[in-house]
Amino acid sequence: MKKSYKGLVLWLIIYLMGFVPMFGIDDGAVVTRLTLWYTSVMITALMVIIRNTDSIYWINGVYFEDAEKAGYEKRMEFAQRHLDKFKKHTVLYTFFTFASYFLGWGFWIDIVVFCVSLIVTAISTINIKLE
């Protein structure tokens, strides 16, 4: 293992650049829904990057030294369990936001559902241990 945050910085730059195509959209509700959906997708992409680059120390509460001591198999299991939770969130939120759009619901409902579901997902990862 080699400690580096270059991939995280690159992910952040790509995440921010992803908003550029939205500048031309005049519908605030559509931009809001796209922003929330894109954020969910990019968090899941970050979990994929963390797993594929063996960089679990990017996850809050994990120190590089502890990750190194845990061994490769435990790190992969830890990363995969995080990925599974955020992937599930992204899939469910994708279905929700399409339904919300086509049912004509106010975009404020999307904001509430996104925030609450993301917080619940993040809290659900607290029980995932590296041991």
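Me: In what kind of crossing does α2 pass α5?
Reply: This is a predicted model. The hand is read from how the near helix is turned against the far one. For α2 passing α5, the crossing is left-handed.

Me: At what angle do α2 and α5 pack?
Reply: The axes of α2 and α5 lie 9 Å apart. An angle under 35 degrees counts as roughly parallel, and that makes α2 roughly parallel to α5. The packing angle is about 15°.

Me: How many helices are in the protein?
Reply: From the N terminus on, the elements run α-α-α-α-α. The protein has 0 strands. The number of helices is 5.

Me: In which helix is confidence lowest?
Reply: The mean pLDDT of the protein is 96. Of its residues, 100% reach 70 or more. Confidence is highest in helix α5 (residues 107-124), at 98. At a mean of 95, it is lowest in helix α3 (residues 64-70).

Me: Are α2 and α4 roughly parallel or antiparallel?
Reply: The axes of helix α2 (residues 28-52) and helix α4 (residues 72-103) come within 8 Å. They cross at roughly 165°, and angles over 145 degrees count as roughly antiparallel. Therefore α2 and α4 are roughly antiparallel.

Me: How many nonpolar residues does the contact of α2 with α4 have?
Reply: α2 passes α4 in a left-handed crossing. The contact of α2 with α4 includes 9 polar and 3 charged residues. Its count of nonpolar residues is 13.

Me: In what kind of crossing does α1 pass α2?
Reply: The axes of α1 and α2 come within 11 Å and cross at roughly 160°. α1 and α2 are therefore roughly antiparallel to each other. The crossing of α1 past α2 is right-handed.

Me: Which element gives the largest share of the largest nonpolar core?
Reply: The largest nonpolar core has 29 residues. Tyr15, Tyr38, Ile50, Ile56, Val62, Phe78 and Leu130 have the most contacts inside this core. The elements giving two or more residues to this core are α1 (6-17), α2, α3, α4 and α5. The largest share, 7 residues, comes from α2.

Me: What percentage of the residues in the protein is buried?
Reply: The C-alpha trace spans about 50 × 30 × 20 Å along its principal axes. The protein has 131 residues. Buried means under 20% relative accessible area. The buried share is 37%.

Me: What is phi of Asp54 near?
Reply: Asp54 sits in the loop between α2 and α3. Most residues other than glycine have a negative phi. Asp54 is a residue other than glycine, and its phi is positive. The value is near 55°.

Me: Does Asp54 count as buried or exposed?
Reply: The cut-off for buried is under 20% relative accessible area. Asp54 has 14% relative accessibility. So Asp54 counts as buried.

Me: How far apart in space are Leu118 and Val62, C-alpha to C-alpha?
Reply: Leu118 belongs to helix α5. It is buried, because its relative accessible area is 18%. In sequence, Leu118 and Val62 are 56 residues apart. In space, C-alpha to C-alpha, the distance is 20 Å.

Me: How far apart in space are Lys129 and Lys74, C-alpha to C-alpha?
Reply: Lys129 lies in the segment after α5. Lys129 counts as partly exposed, because its relative accessibility is 48%. Lys129 and Lys74 are 55 residues apart in sequence. Their C-alpha to C-alpha distance is 9.3 Å.

Methods: Residues are numbered from 1 along each chain as its sequence is written. This is a predicted model: local features need pLDDT of at least 70, side-chain atom pairs count only at pLDDT 80 or more; totals for chains, interfaces and linings use all residues. Side-chain values use heavy atoms; hydrogens and water are left out. pLDDT is the predictor's confidence in each residue, from 0 to 100. Helices (H or I, at least four residues) and strands (E, at least two) are DSSP runs, numbered from the N terminus. Axes are lines fitted to C-alpha atoms, for helices over the stretch in contact, and angles run from 0 to 180 degrees between N-to-C directions. Angles under 35 degrees count as roughly parallel, over 145 as roughly antiparallel, 65 to 115 as roughly perpendicular and the rest as oblique. Ala, Val, Leu, Ile, Met, Phe, Trp, Tyr, Cys and Pro count as nonpolar, Asp, Glu, Lys and Arg as charged, and the others, Gly among them, as polar. A nonpolar core is a set of buried Ala, Val, Leu, Ile, Met, Phe, Trp, Tyr and Cys residues joined through side-chain atoms within 4.5 Å. Buried means under 20% relative accessible area, exposed over 50%, partly exposed in between (1.4 Å probe, protein chains only).
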